[in-house]
Amino acid sequence: MSEKKNKRKVLKRKLFTKNRLVILNEDTFEEIFSLRLTLMNVFVVATIAAILIITFTTYIIAFTPLREYIPGYASTKLRKEATELALKSDSLALALKKNDAYLKSVVKVLNGDLEYEQINKDSIMSSDNISTTIENDAPSKAELQLREQILQEEKLLSKEKKGKK
């Protein structure tokens with residue numbers, strides 16, 4: 001136990017013993033620079049300098065275009081182009097599905113599998129579960145007038161049928 005205490009005392013004394021660093025001109029022996037240091041001061045300064053160098057290097061690599069030269073990092077331009085191409089390919093795939101569904105329904109009509117009245121573009125889209133967006137929900141005035149006219153015609157037809165029975 002006393003050996004450990006002695007070793008600690010010796011280490012503490014070595015770490016905190018003051019030394020002098022002197023830089024002399026060799027020809028004239030004139031003192032150019034003088035500094036009082038301890039071993040602990042040198043250790044602390046060296047550690048802080050190493051941490052600063054590592055931090056600075058990491059910052060330069062991470063936040064400048066130098067990172068493109070590290071394997072595994074892609075350039076921002078390449079990443080942006082890949083995203084744009086992915087979006088375009090998705091929209092093209094959706095358009096292709098719509099066209100295929102429409103062509104299949106046209107082939108059915110030409111083969112005589114379906115009647116002409118059963119085919120419209122909305123039923124084709126719903127049969128293939130393709131979502132479409134409605135751009136304008138509110139009907140126009142002309143559309144409202146057409147609806148009223150059709151309703152009146154249907155009422156007249158239903159009255160005529162009831163009158164014949």
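The model is predicted: local features need pLDDT of at least 70, side-chain atom pairs count only at pLDDT 80 or more, and totals for chains, interfaces and linings use all residues. Residues are numbered from 1 along each chain as its sequence is written, and side-chain values use heavy atoms, with hydrogens and water left out.

**Overall chain**

- The protein chain holds five helices and two strands; helices (H or I, at least four residues) and strands (E, at least two) are DSSP runs numbered from the N terminus.
- Read from the N terminus, the order of elements is α-β-β-α-α-α-α.
- Of the 165 residues in the protein chain, 4% are buried, where buried means under 20% relative accessible area, exposed over 50%, and partly exposed in between (1.4 Å probe, protein chains only).
- Among contacts (heavy atoms within 4.5 Å) with a separation of 6 or more, 18% join residues 24 or more positions apart.

**Nonpolar patch**

- L21, I23, I32, F33 and L35 make up a nonpolar surface patch with about 440 Å² of accessible area together.
- Strands β1 (19-24) and β2 (31-37) are the elements that give two or more residues to this patch, and β2 gives the most, with three residues.
- Patches are made of residues with over 30% relative accessible area and no salt bridge; like charges are joined within 9 Å, and nonpolar side chains (Val, Leu, Ile, Met, Phe, Trp, Tyr) within 5 Å.
- A salt bridge is a side-chain nitrogen of Lys or Arg within 4 Å of a carboxyl oxygen of Asp or Glu.
- F33 lies in β2 and counts as partly exposed because its relative accessibility is 41%.
- L35 also belongs to β2 and is partly exposed, with a relative accessible area of 34%.
- Beyond its neighbours within four places in sequence, L35 contacts N19, R20 and L21.
- L35 and I23 are twelve residues apart in sequence, and their C-alpha atoms are 8.9 Å apart.

**Positive patch**

- K4, K5, K7, R8 and K9 form a positive surface patch.
- Lys and Arg count as positive and Asp and Glu as negative, with His and the chain ends not counted; the place of a charge is NZ of Lys, CZ of Arg, CG of Asp or CD of Glu.
- K9 sits in helix α1 (residues 2-16) and counts as exposed because its relative accessibility is 58%.

Conventions:
Areas by Shrake-Rupley, 256 points an atom, 1.4 Å probe, with all protein chains shown as cover.
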